[in-house]
Amino acid sequence: MSQPFRLTAGGRIDRSQTIPFTFDGRSLTGHPGDTLASALLANGVHLVGRSFKYHRPRGIMTAGSEEPNALVQLAPEKSRTEPNARATVVELKDGLAARSQNRWPSLDVDLGQLNDLLSPLFPAGFYYKTFMWPKAFWEKVYEPRIRKIAGLGEAPSKPDPDRYLHRHAHCDVLVVGGGAAGITAALAAGRQGRRVILCDEQPELGGGLLSRAAAVVEGLDALAALPEVLVLTRTTCTGYYDHNYLVLLERVTDHLAAPHPDLPRQRLWRVRAKEVVLATGALERPLVFRGNDRPGVMLASAARTFVNRYAVKLGERAVVFTNNDTAYAAALDLHAAGITIGCIVDARPEPEGPLVAAARERGMRIRTGSVVTGTEGPRRVNQAAVAKLDDGGAIAGYLGEVEPCDLLLVSGGWNPNVGLFSQARGKLRFDAALQAFLPGEAPLPKEQRLRSVGACAGDFSGFDAPPTPLRALWAVPADRSGKAFVDFQNDVTAKDLGLALTEGFRSIEHVKRFTTTGMGTDQGKTSNVNALAIVAETLAKPVVEVGTTTFRPPYVPVTFGALVGHSRGELFDVERRTPLHDLAVERGAVFEDVGNWKRARYFPRRGEDMHAAVARECRTVRETGGILDASTLGKIDIQGRDARTFLDRVYTNAWSKLAPGKCRYGLMLRDDGMVFDDGVTACLDDRHFHMTTTTGGAPRVLAWLEDLLQTEWPDLEVYLTSVTEEWATMAVNGPLARSIIAPLVEDCDLGADAFPHMAWRTARIAGVQGRIFRISFTGELSFEVNVPADRGAEVLAALLAESEPKGATLYGTETMHVLRAEKGFIIVGQETDGTTTPIDLGMDWIIAEKKGDFIGKRGLARPDLVVQGRKQLVGLLTTDQKTVLEEGAQVVETPQGRVPRPMLGHVTSAYFSPNVGRPIALALIEGGHARHGTTLYVPLPGRHPIPVEVTRPIFFDPDNARLHG
Amino acid sequence: MAERAALTIVPEVPLGKLVLRGAPDVAATAGAALGWSLPDRLNRATAADAGRALRPGPDEYLLLVPPTTVEATQDSLARALAGRHYALVDVSARLVAIELAGVAVRDTLAAACPLDLHPGAFGPEQATRTLFGKAEIILDCLEQARLRLLTNRSFAPYVRRLLAEAGREFAAAQSAVP
């Protein structure tokens, strides 16, 4: 028979439809409205998993997101499988496949159960003291084995095929929790015309109301009619951060059997709320006694929910163990549903009130002043032992009287759900009547505007029975046998807490970490207060002195997918492409990442590796010609009357005499005199300059210059505008450079006299208005063509049509690096590392001592910077003329002697130079300028130190004859 | 479940773009020369037949004009502002304008834009610099359900891709014409 334990009437399930699902391969059915837990119970399945450490049989303890026991593995496929899903919040859907975790070979027969018998070997913190010898065995043997035996579900082994999104949202009021209190708050705010978000983790609003028989939830229509109220169901508030910033996790399609592929699976809401109303309700506490973890032992409120909301007949005969009135409501509802109430074990000596009276009226036996001392039953509870508790809290006989039952309801009182309040940095207070923590009176940081309402604020008026008066009862006194669990998910017993205290731990934070209580995926929702109180009781201290551990986000486990959102694959980061990218692709470019840019590194031809391609490109540029895509260089448009003064201050050299039509290389220093960036700046007219920066430095140079103008020199009339992406830049280099561009250029005399090196001209190039700069990073005759970015591709196509028949080619950044190194041109960030001055680089010529102040001038005068023996830029030539050094390799004085030998410096750049015909390198060497002509050594791993000759850092065309061609 | 609503994405709207830097008095002169006044409030836009002006910074204006009038606009501003402390830079190629229309526009942007995009908080004639995912953008509200987004050229493919991903649940469609 299908669903043999389904009640014939009542509940919020749709009996007209049947949903098939499997558990451990067994085909079962449920109804829309069911959770996996309620459907399992309707099928009589109470044993759903094995515990973390001792492999004890575990069942379903709660009906909500606080569930510590009923953790299952969902969807067995490798990409979507999800471990540790709480059966109590998984909505049933067609084809749902769940299996139990942490058991082998099967749930019923689990060999890991041996751990339960061997438990003396595994007390709290056992891994700190046993399995310590031999030491090497921990990492290789013990830990892997222990991890295999313990632990919960399995992580997916394939990429997540689902899509996730984020949503930023702003509101006047965010209401967390859609029970009666939350609905009331949202209605009140909404009726004032305020922008409201109401979120609730359940599929429908109502909260605790949904657990009552014949539940009626009021206010939903009114809520729906308010245009500025957004109701988010299946949405859990997982974090309360600074300045009323909260994160909500919406499960958009998890409950759908065949979701529309355009919908994200989950959505992470990032909410900035002017005000927050926490209406998060309260969570019932379990009681701590021997065998309190057996399947069939359940929170009284959960039992009530399963009976009323899901119409499940949980058992035939229930025993109710409580220290307060609320469990009576459950007992009455179970009784009404046809479940025999064997007895109510009430720790209070004289319980009274309407619910107690009603229970008596229905003939329920109430065993007052009594406790359940333990349970029995192999895979489900079949009896409870009940004993009298005296006024001092002691027990006469531990074995007690046996009460047969297949269901044991427990209620140890209620914890207002203060997790989010605490995350918001609210201080808690301990309420003696409730024996629980409540939001404290101390004011919150003023940027956290929040209030708590309803049960989470200690207002239980919405309950049909109040949780007070109650008799504080933390751990039922026990003899030495058996386990009484405090943290069910992490298998922490009352005895483990005692052990931690015996070992000398006093701080609750230490006890927590030693025993791992409260450290499971449930974050100790059912265990924390019990653990604190047991510690307090044992130490004979008030609970408030023991304090609480810290509540941390997330409130419930959050998928990585939801956190990542859209930021994966192509959307993980911005891939910036230049306007000339597609042409480079057509020419077979291999790209490299330079910041977020993709730059063409080299253009291999058939059969060429990088080395061969770069060697060919290097020769081609110097023998015929080549074109480099230099569009990524930073470009800043500088305008204003004081532009020259500004340049004088930010560069080391003088700019006062640079005439319109001319360009100049400049070096920027930081205040401390170290090289910051470099580039060529052109004078467009007296109040207008065009600055270039390094590719990587573009954003930080602009930000820094803007900072200087706004904060240091607001008197200067200068405006900066980034034009990096306005221009496509093509550097045409080589002896044929002029003849390549000449046929395409109008309105510009390209002759060497009319248009000399370090000049610029406007021109039409291939019909496009642009600028040509005669600047060279190769030492060759060079024209840098700039046209608006949207016209770049067509101009490059025209340039290639002119150059390719002449044998000239596109070349990439790798070739650019070799060619500039042949000339000894530095790259900021490669030859410099933030400790390098222009003088170290041998660039004294660029420092204009006479022009007045510039940034870094005083820094350069610091004693450390003028001292002898600083690391200075030199060239290195390997004497074997074959070995290419490695960048970053250290340089030493002698090949012999003890290691480590004094290190003189390091190699900054190293290439094979086809134009020089041997390997070349640049290096920063102590006192390098005085070492020209000497021999030093470069140790490389696994090789005899390589002798190198120190030279000037220039290897090709030292007289710059080619530049002016 | 999210409501599926029409969303249209125009991948690139042809526009001339000029950055004008200057104090409010410069902006007033510029407005007089252009024949339409520039926004006197920060993060606002003003519109006329000849173009549209945004004010994304205290001394920063972005002028959006038809591509055919960029040069004429530059010339007339240069004449009007001669001798004044200002900067005028053509960034027509640097910035790419993408237009979004449909009732799902705001929810789509909210997938990666931290601003409050409620119609009451960001309505027509409001324009601001903000973020869309990892891209810096300027967001310009033309009408309640029609917004324009300007970003640097090399960020445009990322922005379009992210718009498509965020708009997928709203049945986003690409259109060639505004």
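1. Of the 965 residues of chain A, 52% count as buried; a residue is buried if 20 or more other C-beta atoms lie within 10 Å of its own, exposed if 12 or fewer, and partly exposed in between, with C-beta atoms placed from the backbone. This is a predicted model, in which local features need pLDDT of at least 70 and side-chain atom pairs count only at pLDDT 80 or more, while totals for chains, interfaces and linings use all residues. Residues are numbered from 1 along each chain as its sequence is written, and chains are lettered from A and ligands numbered from 1 in the order in which they are written.

2. On the overall form of chain A: its radius of gyration is 38 Å, whereas a compact globule of 965 residues would have a value near 30 Å. The radius is taken over C-alpha atoms, and the globule rule is 2.2 Å times the number of residues to the power 0.38. The C-alpha trace of chain A spans about 115 × 70 × 55 Å along its principal axes. Its secondary structure comes to 24 helices and 48 strands; helices (H or I, at least four residues) and strands (E, at least two) are DSSP runs, numbered from the N terminus. Among contacts in chain A between residues at least 6 apart in sequence, 67% join residues at least 24 apart, two residues being in contact if their C-beta atoms, placed from the backbone, lie within 7 Å.

3. Chain B has 4 helices and 11 strands. Its radius of gyration is 16 Å, close to the 16 Å that the globule rule gives for 178 residues, so chain B is as compact as a globular protein of that length. Along its principal axes the C-alpha trace of chain B spans about 60 × 30 × 30 Å. Buried residues make up 49% of the 178 residues in chain B. For contacts in chain B between residues at least 6 apart in sequence, 61% join residues at least 24 apart.

4. The domain assignment of chain B gives domain 1 (7-12 + 94-174) and domain 2 (18-90); such bounds come from an automatic or database domain assignment. The C-alpha centres of domain 1 of chain B and domain 2 of chain B lie 23 Å apart. Their contact takes 7 residues from domain 1 of chain B and 6 residues from domain 2 of chain B. On the side of domain 1 of chain B that touches domain 2 of chain B, strand E8 (127-132) and strand E9 (135-143) of chain B each supply at least two residues, and E8(B) gives the most, with 3 residues. The residues of that side divide into 2 nonpolar, 2 polar and 3 charged. Here Ala, Val, Leu, Ile, Met, Phe, Trp, Tyr, Cys and Pro count as nonpolar, Asp, Glu, Lys and Arg as charged, and the others, Gly among them, as polar.

5. The contact between the chains takes 33 residues from chain B and 32 residues from chain A. The elements giving two or more residues to the side of chain B that touches chain A are strand E2 (16-22), strand E6 (86-90) and helix H4 (156-167) of chain B. H4(B) provides the largest share of that side, 5 residues. The residues of the side of chain B that touches chain A divide into 18 nonpolar, 6 polar and 9 charged.

6. The largest nonpolar core has 326 residues, and those with the most contacts inside it are Val288(A), Ala303(A), Val320(A), Leu408(A), Leu409(A) and Val159(B). A nonpolar core is a set of buried Ala, Val, Leu, Ile, Met, Phe, Trp, Tyr and Cys residues joined through C-beta atoms within 7 Å. Strand E8 (residues 164-176) of chain A gives the most to this core, with 8 residues. Domain 1 (7-12 + 94-174) and domain 2 (18-90) of chain B both give residues to this core, so it lies between them. Not counting residues up to four places away in sequence, Leu408(A) touches residues including Gly296(A), Val319(A), Phe321(A) and Val372(A).

7. Strand E39 (residues 760-765) of chain A and strand E40 (residues 768-773) of chain A pair in the antiparallel sense over 6 bridges; two strands pair if DSSP finds at least two bridges between them. E39(A) and E40(A) form a hairpin with 2 residues between them, and Ala766(A) in the turn has a positive phi of about 50°. The bridge partner of Trp760(A) in E40(A) is Phe773(A). E40(A) is also joined by 3 bridges to strand E41 (residues 782-788) of chain A, and these run antiparallel. In E41(A), Glu784(A) is the bridge partner of Phe773(A).

8. Leu860(A) has its place in helix H23 (residues 857-860) of chain A. With 19 C-beta neighbours inside 10 Å, Leu860(A) counts as partly exposed. Leaving aside its neighbours within four places in sequence, Leu860(A) is in contact with Gly673(A), Thr837(A) and Leu865(A).
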